[in-house]
Amino acid sequence: MIGDRKLVFSGVQPSGNLTIGNYIGAIKNFKEFSDEYKCFYCVVDLHAITVRQVPADLRRRTYETLALYIACGLDPQKNTLFVQSQVPAHAELGWILDCYTMFGELSRMTQFKDKSAKNAQNINAGLFTYPSLMAADILLYQTDLVPVGIDQKQHLELTRDVANRFNQIYGDTFTIPEGYIAKDTMKIMSLADPTSKMSKSDENQNAVVYILDSKDDIMRKFRRAVTDSGSAVKYEEGKDGINNLMTIYHAFTGKSMSDIEREFEGRGYGDFKSAVGEVCADGLAPVRCEFDRIIKDKAYLESVMKAGAEEAASYARRTMSKVRRKIGFVN
Ligand code: TRP
């Protein structure tokens, strides 16, 4: 809380191009909060290095992710936009919370299990303690609300557990955050394998639609999307491919599933796939246009980062001094 305004925090990794899954599940909703809440949106580069990064790419993507935040409608005057590694308190509280997070808890995280299966040659300690750093991000600002995709729900629950544990030992220190998980636009699945999540690191480029893809690419990817052998556009258990396309159509048009079923009654999958491609490409066109404009202006992006980091640091400082005192660190 800040005065009578609740605080929102969320983060996006600068690793790889962002997908429509990131857009629909997270970023698109971020701006809804700006009017009512004090919002902090972070580019989480400390999290990104849990998998090996090419330095020049990491740097470029950090600028790009910030530019994308702005292109998606987050006004830097109204939101605090910043880069995680530019506010050292994240790493500091991250370490502290490592000491209040249990090995067993971290071992149960499904994202850790997935990522370590995918990166068998680099299962580093950071990959394992990733969730306590995420808890630090959130708790540092006394966050009330955390808009995230459904895949982050488990990390959020861990954050609450760690905060409660700390509060129990030392008395009230951290606000216990609530997750805000958009219900109707849950998880966007891969276009090639609709039983697994759309992932920016998928090797099959046809499986993933990026926010900055051209209209031609978007149309082609949707036309090739894997669907089942049926033909009716109907939201049904087991029809993962069509359900996913309907979810995307819904996200860009706001139409309900039954409206979509009615609209495409008697028309085949082919028609529907093209229609999904259209609404997606049209919905993303203004974002792409803004992005192209902003990304050229490095000085502007750096000024946004600097102001954001300063403001974030001033909030973080208050929590850190409370935490340090409670733990018994000498000031
Ligand atoms: N783990 C999140 C993801 O991969 C990113 C993230 C890091 C985050 N810190 C956060 C999200 C704090 C919300 C709040 O999507």
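A residue counts as buried when its relative accessible area is under 20%, as exposed when that area is over 50%, and as partly exposed in between (1.4 Å probe, protein chains only). Keep that in mind as we walk through this predicted model, in which local features need pLDDT of at least 70 and side-chain atom pairs count only at pLDDT 80 or more, while totals for chains, interfaces and linings use all residues. Residues are numbered from 1 along each chain as its sequence is written, and side-chain values use heavy atoms, with hydrogens and water left out.

Let us start with the whole. The protein has 13 helices and five strands; these are DSSP runs numbered from the N terminus, with helices being H or I over at least four residues and strands being E over at least two. Along its principal axes, the C-alpha trace spans about 70 × 45 × 45 Å. The radius of gyration is 21 Å, which agrees with the value near 20 Å that a compact globule of 331 residues would have. That radius is taken over C-alpha atoms, and the globule rule is 2.2 Å times the number of residues to the power 0.38. Of the 331 residues, 50% count as buried. Contacts (heavy atoms within 4.5 Å) tell us about the chain's folding too: among those with a separation of 6 or more, 76% are between residues 24 or more positions apart.

Now for the empty space. Rolling a probe the size of a water molecule over the atoms shows where empty space is left. The search runs on a 1 Å grid over the protein atoms alone: a cavity is a set of points where a 1.4 Å probe fits but cannot get out, a pocket is an open set with protein on both sides within 12 Å along at least five of seven lines, and lining residues have an atom within 4 Å of a point. Grid points are joined across faces, edges and corners, and a volume is the space filled by probe spheres set on the points.

The largest pocket holds about 1,600 Å³ of space. Its lining is made up of 50 residues, and K115, D151, K197, S199 and K200 lie nearest its centre. Two or more lining residues come from each of β1 (7-12), α1 (20-30), α6 (110-118), α7 (125-139) and β4 (145-147). Which element gives the largest share of this lining? It is α6, with five residues. By class, the lining has 16 nonpolar, 22 polar and 12 charged residues. Here Ala, Val, Leu, Ile, Met, Phe, Trp, Tyr, Cys and Pro count as nonpolar, Asp, Glu, Lys and Arg as charged, and the others, Gly among them, as polar.

Between α7 and β4, two of the elements in that pocket lining, there is a loop that contains Q142. Phi of Q142 is near 55 degrees, a positive value in a residue other than glycine. Q142 is buried, at 15% relative accessibility.

Helix α3 gives the most to the lining, with four residues. By class, the cavity lining has six nonpolar, three polar and two charged residues.

E64 pairs with R60, their closest N and O atoms being 3.1 Å apart. The two are four residues apart in helix α3 (residues 55-71), so about one helical turn separates them. E64 is buried, at 18% relative accessible area, whereas R60 is partly exposed, at 38%.

Another bridge joins E105 and R165, with closest N and O atoms 2.8 Å apart. This pair links distant parts of the chain, 60 residues apart: E105 sits in helix α5 (residues 103-107) and R165 in helix α8 (residues 153-170). E105 is buried at 9% relative accessibility, while R165 is partly exposed at 23%.

The side chains of E278 and K215 meet in a further salt bridge (3.0 Å, N to O). Here too distant parts of the chain are linked, with E278 in helix α12 (residues 269-295) and K215 in helix α9 (residues 215-223), 63 residues apart. E278 is partly exposed at 34% relative accessible area, and K215 is partly exposed at 36%. Finally, salt bridges that share partners join D57, R60 and E64 into one network.

Note on methods
Salt bridge = Lys/Arg side-chain N within 4 Å of Asp/Glu carboxyl O.
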